[in-house]
Structure formats: structure tokens, C-alpha cells
Amino acid sequence: MIWNPEAECMSQEEKQELQLRRLQNTVKRAYENVPYYNKRLRDAGVFPEDIETLDDIEKLPFTTKNDLREAYPFGMFAVPDEEIVEVHTSSGTTGKPVVSGYTSRDLEIWSEVMARALTMGMATRKDRIQNCYGYGLFTGGLGVHYGAQKIGATVIPISAGNTKRQIEIMQDFGTTVITCTPSYALYLAEVLEKEGVDIGELNLKSGIFGAEMWTEEMRETIEARLGLTALNIYGLTEIIGPGVAMECTEKNGLHIAEDHFYPEIIDPKTGEKLPNGTKGELVLTTLTREGMPVLRFRTKDITALRDGECGCGRTLVRMDRITGRSDDMLKIRGVIVFPSQIERALLKIKGLEPHYQIVVTRPEFLDELEVQVEASPELFSDEVKHVEEAKRMIEKHIHSEIGLRVNVTLVEPGSLPRSEGKAIRVIDKRKFD
Ligand code: DLL
């Protein structure tokens, strides 16, 4: 089933005409109502009337996560406060997050794109959707919730965590569709097995998994172990939340809701636009958002766009699954972490050398973060008790900086590899490529 065939199966001409009209409106609105864009556009010598074709989008400057952060909390809003009815933030826990503001019309659009996404994920009004994405400032919980309500499914707003309860509810309520991160899906599978639950007795039909990178191999494992069809959902707070793109059951890429979000692929080094079919960094422009229009947002997510009609009948362009990032942002158990946050925590502590390495692993199903840091010679030769205390204290510091538990290993001064160029701070042993 297709939720909105008119929007999802438009001809290319129709689509481009609609996109151009909406792009022109968006640029005008941003220019007139957001001081940041007003200045950026004037500095670049571009004015709303210069957008005469879709290709003219390349005249616009890029927006980065940092630009949005600097406008914290509400500097990017394009409407008066009273028109904002909801706010969310990106999933990092400390530092200044990006705030996204929604008008009621924005919430309608979000519900619409999520209704399309859930429909692509096999959900109908007859389904019971167990929504294990976190509710709150994170966009996952409410995004799925709005879409589920729009299609008239029964939403079970259980939020994240408490795996035993998740399983109990799944059994008692006869959950048919589950929504969570792919790593949590794997963990659920493991607990189900441990508890001796026979997946044949569950009613699971499909899973809508996203918010972090995953692979085809993970898909196969999840499908086999949970007995469902596993599909990929993509989105980001800066643009709207989940629902920017979603995979249909053809499993050959994620359809971007192009009538609301305009995608481009650029070379992350030069900023130059790359043709469809070539891997690069995804750049997104909102076409309909009122509360917070965003022009040419550099997502830093690496993917390629695919032309051509899909077996499902949708004409919306598809993007490959994300295979990497063009910056050093990590997502650990669904939470955004930048190495610089860990560095900041470490630098506040006496007795440490400024040499560290972050090692990310996924021993079984859940991500683990180890921070190896060189202790000063004095600390290192100290009693074991002191070293243990120091380790715990550093763990606490990092926890309060990033909101995640980490294992700290204090290593001998001079023992971490030195690099002649850019230091390699992160060793990500999870494989996504
Ligand atoms: O993760 C929104 C979301 C919620 C998407 C629920 C899907 C499901 P943020 O916390 O702002 O928003 O993080 C956005 O997460 O730029 C990607 O790097 C990564 N990401 C999101 N979905 C996927 C995916 C939500 N399917 C950042 N595959 C993005 C790979 C993903 N990475």
C-alpha cells in the first residue's frame, strides 16, 4: 500500500515544478524572517529572486550543525514564538544541542511523512505498533507516534528501555510492528532467546529500524532472529526527525520525501555537487517547514542517490543506506557523541596526558565505549588503589559530559600511537561499510 500516491508517485516534471515553487518560498521566508539567513545570503550576494530553477540552489550557502548550534536555542526560528507548538533537540546530551522548532503545520507535515514511512514499513490501521524509540526531546518517539496516529494504527508508546517489559507487552498485546534502533532489535532478539520465547508465538510482522548506521548483514540477522521484515528509516532533528527517508519492502534504497526535503549529494572536501549514483555527503533543504526552514544542511552522512522507478511504484528518489560520516561524529547506543566532548572532559582532569584514544566496539549487540588515556608518570607509578580511583573519577567526568557510561583504561605514558598528521582519536570496530 502507498499512503499518499499523489505525492509519492508524481511524475518527475510535476515533482520538480512543486519543488521549485516550494524552494522559492522557503528561501524567501528564510531571508525575510531569520537574521542568520538574511546575513548569509546578503554576504553571498544571493537573493530570493535569484532562485529561478532548481539548479540555482547551488548558489545558496551551506548550513552546518555548528551554525545551528550557535543560534541556540531559538535563533533559527522563522516565526514568532507563539506559533511554535513543539521543540525537540538532537540526541547528544550535553554541550549545546541543535533545537528544532515546529509550528502546527510542521507537525502535520511530520505526521504525513511518518504516515508514508510507516506504510512503507508495512503498517496499516489494523496494526499494533510498539514504539521503543525514546519519547522526549529525541525525535524518534514522537515522530513515530504522530505517524502511527495519522494512519490510525494502535500505537503502544512504551519508549526505550526495560527489555523484559517490552517482551511482556509484545506477547500480551500481540505487537505486529516494532520501531527501535537496529542494535536494540538485536538485543531484544537475544533476550527473547534467553527467556526461551518462541518467536513463532509472537505476531511480529515488520520492524522499522533507524537512528544509527547498520548493515545488510545486520538486517539478515535481525530478520532471522525476530521473524520479521526489517526496514530502514532515516531522519535527523535538524530537518524534522525520522521520516526524511524510508525503505519500502523492495529493500533497494530509502525513498526521500522529496516534496518536503530537497536532497543533493556533494563532495565533502570541495562542496561540489555530484551526479546521482555517486557516493558523497547528503545535503538537505527543507521545502515546507515554517518553524525552522533549513537551507542546504550538510548532514555529513555518506550515501548516493538512485534514479529510476522502484518496483513499489513510488517515483521519489532513493538513497543508499548510510555507510559513513564525513566528520568524526559517533552514534553510541543511538546517542550523538563527538570525540571533542570526551577530550573536553579529559582536559579538565589533572594527572592526565593529552593523549587518548576512543575505541568503539559492539561485543554482542550493544555499543561499548572505551577511552584509553595516558596517565602522567606520577599517577601511573602510584598505588593501584589511586589508579583505580582516578579511573572511576574520569569515568564519572566523561559520563557527566556525554551522558553515557564508558570504560576508562589508564595506560602507560607514551604508549598510545603518535601520529605525524591528524591524530587518530577514534577506532570504530563496528563495521558499517
Ligand atoms: O536519529 C532521528 C531518527 C529517529 C531517525 C528514529 C530514525 C529513527 P538525530 O538524533 O538528530 O535524529 O540523529 C541524526 O543519525 O544524521 C545520521 O547520522 C544518523 N541516522 C539516523 N537514521 C539513520 C539510519 C535521529 N537509518 C543522525 N542509518 C543522522 C544511518 C542514521 N544513520
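How many nonpolar, polar and charged residues make up the shell around the ligand? The shell has 11 nonpolar, 7 polar and 4 charged residues.

1. Basis of the note. This is a predicted model, in which local features need pLDDT of at least 70, side-chain atom pairs count only at pLDDT 80 or more, and totals for chains, interfaces and linings use all residues. Residues are numbered from 1 along each chain as its sequence is written, and side-chain values use heavy atoms, with hydrogens and water left out.

2. The ligand shell. There are 22 residues around the ligand. Asn-232, Ile-233, Thr-237, Asp-301 and Lys-331 come nearest. Two elements, α6 (139–151) and β7 (229–236), each supply at least two shell residues. The largest share, 5 residues, comes from β7. Helices (H or I, at least four residues) and strands (E, at least two) are DSSP runs, numbered from the N terminus.

3. An N or O atom in the side chain of Asn-232 is 2.7 Å from a nitrogen atom of the ligand. A polar backbone atom of Ala-211 is 3.1 Å from a ligand nitrogen atom. For Asp-301, a polar side-chain atom lies 2.7 Å from an oxygen atom of the ligand. The protein buries 97% of the 610 Å² that the ligand exposes when taken alone. Accessible areas come from the Shrake-Rupley method with a 1.4 Å probe; for residues, only the protein chains shown count as cover.

4. The whole structure holds 33 salt bridges. Each is a side-chain nitrogen of Lys or Arg within 4 Å of a carboxyl oxygen of Asp or Glu. Glu-216 pairs with Arg-321, with the closest N and O atoms 2.9 Å apart. This pair links distant parts of the chain: Glu-216 is in helix α9 (residues 216–226), and Arg-321 is in the loop between β14 (318–319) and β15 (324–325), 105 residues apart. Glu-223 pairs with Lys-251, with closest N and O atoms 2.8 Å apart. Glu-223 lies in helix α9 and Lys-251 in the loop between β8 (241–247) and β9 (254–256), so the pair ties together parts that are 28 residues apart in sequence.

5. Burial of these partners. Buried means under 20% relative accessible area, exposed over 50%, and partly exposed in between (1.4 Å probe, protein chains only). Glu-216 is partly exposed at 34%, whereas Arg-321 is buried at 14%. Glu-223 is buried at 18%, whereas Lys-251 is partly exposed at 31%.

6. Arg-296 forms a salt bridge with Glu-264, the closest N and O atoms being 2.8 Å apart. Arg-296 lies in the loop between β11 (280–286) and β12 (297–303) and Glu-264 in strand β10 (residues 261–266), so the pair ties together parts that are 32 residues apart in sequence. Both residues, Arg-296 and Glu-264, are buried. Elsewhere, a network of salt bridges links Glu-212, Arg-362, Asp-367, Asp-428 and Arg-430.

7. Helix α5. Ser-111 lies in helix α5 (residues 104–120). Its side chain reaches the backbone oxygen of Leu-107 at 2.7 Å. Leu-107 is also in helix α5. Ser-111 is buried at 12% relative accessible area, and Leu-107 is buried at 15%.

8. Backbone points to check. A cis peptide bond joins Tyr-72 and Pro-73, with omega about -5 degrees. Pro-73 lies in the loop between α4 and β1. Met-122 is not a glycine, yet has a positive phi of about 75 degrees. Met-122 sits in the loop between α5 and β3 (128–131). Asn-162, also not a glycine, has a positive phi of about 55 degrees. Asn-162 is exposed, at 52% relative accessibility.

Notes
A residue is near a molecule or strand if one of its heavy atoms lies within 4 Å of it. A polar contact is a pair of N or O atoms within 3.5 Å; within protein, one must be able to donate a hydrogen and the other to accept it, and residues adjacent in sequence count only if both atoms are side-chain atoms. Ala, Val, Leu, Ile, Met, Phe, Trp, Tyr, Cys and Pro count as nonpolar, Asp, Glu, Lys and Arg as charged, and the others, Gly among them, as polar.
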